[in-house]
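Hi,

Here is the structure I promised to pass on.

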Amino acid sequence: MQASVAAPANETLMKSLGFGIERIGLPAVRWPVGVLLLLLAFSAVCALGLPRLKTDHSLSELFASNTVDFEHYRTMSARFPTSEFDVLVVIESENLMQPDTLEHIRSLHLDLQLADAVEGIISIFSMRQPPDENGYPAPLLPTKLPRGEEFEALAKRVVDHPLIGGKLLSRPDGKSQLTLIILSLKQDVVWKQGLSRSIGEIEEISRSVLEPVGLRVQLAGAPVMQLEIREAISKDRLTYNGTGFLVGMLICYAFFRRVKLVLITSLCPAFAVLWAMGLLGWADLRLNTFINVIPPLVMVISFTDAMHMVFSIRRRLTLGDDRFAAIRHAILTVGPACVLTSITTSIAFMSLTLTDSGMIRTFGIAAALATLLAFVTVIVLLPILVVLLFRNEKDFMETEQARHKAIRGLENVCTNFAYWIRAHYQLIAICGLSLLAIFSALHFQLEPRYRLSDQVPDNKQSIATSERLDLKLTGAHPVHIMMEWPKDKTVTDPDVIEALAATHTLIEKQSGVGNVWSVETLRRWLINAGENKPGALADYLKRLPEHLVQRFVAKDAPSALVTGRLPNLDAEDTVPVLRKLDASLDPLRAKYPEMTFIVTGLSAVSALRSSDMIRQLNRGLLYAIVVVILMIGIAFRSFKMMLLSILPNLFPIVAAGSLLLLTGGGLEYASVIALTVAFGIAVDDTIHFLSRLRHETVQTTSLQEGVTETISRIGPVLVLTTLVLIAGLSATAFSDLPSMRLFGSLFMTTLGAALVGDLLFLPAVILAARKLGLVKTAD
């Protein structure tokens, strides 16, 4: 049986919103088995790419770019042991400075030296006394610790040591005392045996030595943060994506009451995720917080398109079409809207490439390609599944009435809702435009906000430990002044020492920076100990462990570091401190023109670059909105349609932004990317609504009837898809990652607001503008 009211093929092609691209699905109707075999072969190739997916271990990768700030950080990381590979072992006790307690900590120091991934170790047991008469600096803590008054004197010397007190050992406060062991990891070993095994060995050694004797031990530092992020990503990918997929299937079954229809709408997203992630594996892209968004993103896009196709096919089958005619009708009428939504969503994702971050640019490109893959999955695979699974159209028609009470009820609700809009469209249009203006004003008050700890699970040890370091040792996040001098000089030359001393003094006076140490720290200590003869500092540096000296002086470059520590603050609080610090170095730059003084470090780069990159992302979103609206006008070949699409496309973005502002939030990486992704999804609803309205106005002479029929037909699909997507995304509320929870909440808010914009405000605005001659025909 042929479709009774299908549009002629030539007219559909000439006026297709999808520029005829939707017709790639027609061969699947004619040769379903052959095309299916090709798809299965392609799926097998993609499946082989899944084991190649690996997780990125670098926190700095987010800020990797060709900017001067990151190049300075890269140079520093090549010359000095980078804090990005420093594990901080934090030990705390009420009776820390006791002989027996120190002996246990010494045992841990020695055991950690034997760990496979440990390259160097710094603790109170690494420190030395001033040189004796023979020039030998003996260990500060002797092999056998004294007792009684002699130990009390030793404890005072330990606390007063310039590299220990306030740096590796907190000052006594009457409550508890904290000491720090800094481990430098071997990067090649970490890459070879994995971060989990490397950190796991360190944690196991630490706990086995100290916990039996009642000492509290926790780990912090960038590698620990990265491991916790990776574990949270894996948990989210396996648990929450699966939960969301299952919830979506259950809701679909509650409405469709047919296993076959649920299977069709579910298999398309499953294959789309397989294809997208498999190709990412073959492309050797590393999993990170952003790439982890792609599986649910692909599921959302393909599920939405699949639902629109299934609703159209179901309707045509109930009207008496055979499955071939029903599929062809869906491809030629719903398919163009699916093409356009895929293009506009890809444009939204490509806006993410307008940033300096290589990681975000890669995510934008990968998400855009995944969006196009999701469309191909639906337009090609779904027709095959319908052809092969629905072989008895008569049986479908006979059982349809009994099975679809829920959908019929939803259709009736949408029809009544349409009549209510027709009766109050003027008031609704005024409310919609007023809310758009109010929410826009609120949205544009959002300011960039970034904190490194917000990227890390907030229920794990690294955040809690960093907070203890903030309290006891003035912060866990190092900031460095990298100083360089001419190659014909050394660190002990008088003018170099003078410049280092001046730099050290500047940081000490800088508000917001604490725990300062450098070669100048050692020089002052030696002078106080009476070692002020020429060459004393050079001799002392030669006798210290090499990995300790390299914390201050580069081995193969004329460069040294002056290091301070910052507490865990928002970028908006950290950047002024860094700017002021950099400006305070200008007199030194003028006094020593042959030397350079550079503020750098992971915390500095992340704070300085985050505000700029977040603003770049926000501008990219605005550009994407403009381009997408123009694209809608081009596809519909109508300036009026372009104007009509502004309110429903902008409303969900500014509504979510307003909620973010009113709840005390700001523009973070997760929030801007969530708004960008959600905009790409939300615009789909607008396109499908306008596409259906375009078809309905061809068959009716009244715009009011066309709007009513559009809401009646498209409303159930939009409501059901939004319900399924929000239910599936609600699982992100239980993520360990604050950024993922923020992403999910904003995404759900935007989807809900998009439904309001498309089913309430858009029809009302169309009816209010009908006197201008909008949408009288196919336009």
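Below are my notes on the core, the salt bridges and the aromatic rings.

Before you start: this is a predicted model, so local features need pLDDT of at least 70 and side-chain atom pairs count only at pLDDT 80 or more, while totals for chains, interfaces and linings use all residues. Residues are numbered from 1 along each chain as its sequence is written, and side-chain values use heavy atoms, with hydrogens and water left out.

Let's begin with the inside. The largest nonpolar core has 268 residues. By that I mean a set of buried Ala, Val, Leu, Ile, Met, Phe, Trp, Tyr and Cys residues joined through side-chain atoms within 4.5 Å. Buried is under 20% relative accessible area, exposed is over 50%, and partly exposed is in between (1.4 Å probe, protein chains only). Helix H14 (residues 358-389) gives the most to this core, with 19 residues. Helices here are DSSP runs (H or I, at least four residues), numbered from the N terminus.

Val 89, Ile 91, Ile 294, Phe 363, Leu 382 and Tyr 669 are the residues with the most contacts inside the core; a contact means heavy atoms within 4.5 Å. If you zoom in on Ile 91, its partners include Leu 96, Ile 105, Leu 108 and Leu 215, leaving aside residues up to four places away in sequence. Leu 96 and Leu 215 also turn up, with Asn 95, as contacts of Thr 101, again not counting residues up to four places away. Thr 101 sits in helix H5 (residues 99-113) and is buried at 13% relative accessible area.

On to charges. The whole structure has 29 salt bridges, each being a side-chain nitrogen of Lys or Arg within 4 Å of a carboxyl oxygen of Asp or Glu. Here are some to click on:

- Arg 315 and Glu 411 form one, with their closest N and O atoms 3.7 Å apart. Arg 315 lies in helix H11 (residues 294-318) and Glu 411 in helix H16 (residues 405-443), so the bridge ties together parts 96 residues apart in sequence. Arg 315 is partly exposed at 23%, while Glu 411 is buried at 17%.
- Arg 713 pairs with Glu 696 (3.6 Å, N to O). This bridge joins helix H28 (residues 703-729) to helix H27 (residues 669-699). Arg 713 is partly exposed at 25%, and Glu 696 is buried at 3%.

Now the rings: the search finds 9 aromatic pairs. Rings of Phe, Tyr and Trp (its six-membered ring) pair if their centres lie within 6.5 Å; planes under 30 degrees apart count as stacked, over 60 as edge-to-face and the rest as tilted. Phe 42 and Trp 275 have ring centres 5.2 Å apart and planes at 75 degrees, so they are edge-to-face. They link helix H3 (residues 32-49) with helix H10 (residues 259-282), 233 residues apart. Phe 42 is partly exposed at 32%, whereas Trp 275 is buried at 2%.

Tyr 669 from the core list also makes an edge-to-face pair, with Tyr 450 (5.5 Å centre to centre, 85 degrees between the planes). Both of these tyrosines are buried. Elsewhere, ring pairs link Phe 439, Phe 651 and Phe 761 into a cluster.

Over to you!

How values were computed. Helix = DSSP H or I, 4+ residues; strand = E, 2+ residues; numbered from the N terminus.
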